[in-house]
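Student: Could you take me through one part of this model closely, and then show me what else is worth a look?

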Amino acid sequence: MSRRNGDPRALVQAMNKPVRGSLLSIEHFDAAEITAMLKLARRMNPLKPRPLLRGKRVLLLFYEASTRTRSSFEIAAKSMGAMTTLVLSSGSSIEKGESLLDTAYTLRAVGADVIVIRHPHAGAPHLMAAHLDIPVINAGDGMHEHPSQALLDAYTILRHKKSLRGLQVAIVGDIYHSRVARSAVHLLSKFGAHITLCGPPEFLPELATSLAPGLRLTRTAEEAVRGADVIMVLRVQKERLAGMKIRLQDYISRYQITLARVKMARKDAIVMHPGPIIRGLELTWEVADCPQSVIVEEVHNGVPVRMAILAKALGRAR
Ligand code: CP
């Protein structure tokens, strides 16, 4: 069950080489793998179930709140005939102090074929993958990555735009705390999109430009959205702001995405947001519901994309 056997060199080796089918980050997923995954997702239709995963057990292990990711992984698994079990940190033995690895071994022992994990700490899925002989899927790890979100966002963009190459993408909001932003930057930059990051210094340190080559940084929302093909709005993550001096009223007046700001983008621009959205904070009610908003479509596309991720993880990608 364990792939480590106590040898630190074996652990490092395992961390670099998780079980085939694991999805831990976009940074280490190459463009050809991303293209193949998106192609597979286009063949997935949750309304026409195919029993690709019949007899397989999908463990959903969530240490943090989730609505979209959790429900779409569950629906994706079930629409391919898999059994699913949900384990939340509250109400499980995690509350009694069980460690991440002991929880992983327990879930493997009850018969998990794949574990989908969301965790507040960066690297938790990697640690789990290094010790298990089954694939692990990162459903969001702290402020690190959210790879399935980046894939569903790319899938959504490509339903509206011919290619990612050359697209002007403005990412506006709390980039520092955002695993969604990190995964999106890695994915979009692999395909030649032009990315502008926008936010106040507390949410966007200068260091962020080192995430990928060619990133542009601005402190002005108007400059970010002018001429954009895609505006990606990020939530202000109040749960991660302890000790930070952010005046929400200032943030709203300088960075909130309003209809006036959307009008500065290209006529056919789309407005994205990974959710959950906080209307009246990072975007207005009107923007959330405007014809250019694809926020609900992103959620919808999460199901076929996560079907593809699970099918690939379990060697049933066809
Ligand atoms: N986008 C996203 O991860 O949403 P949830 O936190 O609801 O899963």
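**A close look at helix α9**

Tutor: Happy to! Helix α9 spans residues 248–255, and Tyr251, Ile252 and Tyr255 are its buried residues. Looking down the axis of α9, these buried residues fall within an arc of 105°, so they line one face of the helix. That set of buried residues packs against two strands, β5 (168–172) and β6 (194–198), and also against the helices α8 (221–225) and α10 (259–262). Please keep in mind that this is a predicted model.

Now let's turn to the ligand. Around the ligand you will find Ser66, Thr67, Arg68, Thr69, Arg118, His146, Gln149, Pro274 and Gly275. By type, this shell divides into one nonpolar, six polar and two charged residues. The side chain of Thr69 has an N or O atom 2.6 Å from an oxygen atom of the ligand. Arg68 uses its backbone: an N or O atom there lies 2.9 Å from a ligand oxygen. For Pro274, a backbone N or O atom is 2.8 Å from a nitrogen atom of the ligand. The protein buries 92% of the 260 Å² that the ligand exposes when taken alone.

One last stop is Ala124, which lies in helix α5 (residues 124–131). Ala124 counts as buried because its relative accessibility is 6%, and the cut-off for buried is under 20%. Leaving aside residues up to four places away in sequence, Ala124 touches Leu100, His119 and Asp141. Ala124 and Leu100 are 24 residues apart in sequence, with their C-alpha atoms 7.8 Å apart in space.

Definitions and conventions. Residues are numbered from 1 along each chain as its sequence is written. This is a predicted model: local features need pLDDT of at least 70, side-chain atom pairs count only at pLDDT 80 or more; totals for chains, interfaces and linings use all residues. Side-chain values use heavy atoms; hydrogens and water are left out. Buried means under 20% relative accessible area, exposed over 50%, partly exposed in between (1.4 Å probe, protein chains only). Helices (H or I, at least four residues) and strands (E, at least two) are DSSP runs, numbered from the N terminus. The arc is that of the directions from the helix axis to the C-beta atoms. Contact means heavy atoms within 4.5 Å. A residue is near a molecule or strand if one of its heavy atoms lies within 4 Å of it. A polar contact is a pair of N or O atoms within 3.5 Å; within protein, one must be able to donate a hydrogen and the other to accept it, and residues adjacent in sequence count only if both atoms are side-chain atoms. Accessible areas come from the Shrake-Rupley method with a 1.4 Å probe; for residues, only the protein chains shown count as cover. Ala, Val, Leu, Ile, Met, Phe, Trp, Tyr, Cys and Pro count as nonpolar, Asp, Glu, Lys and Arg as charged, and the others, Gly among them, as polar.
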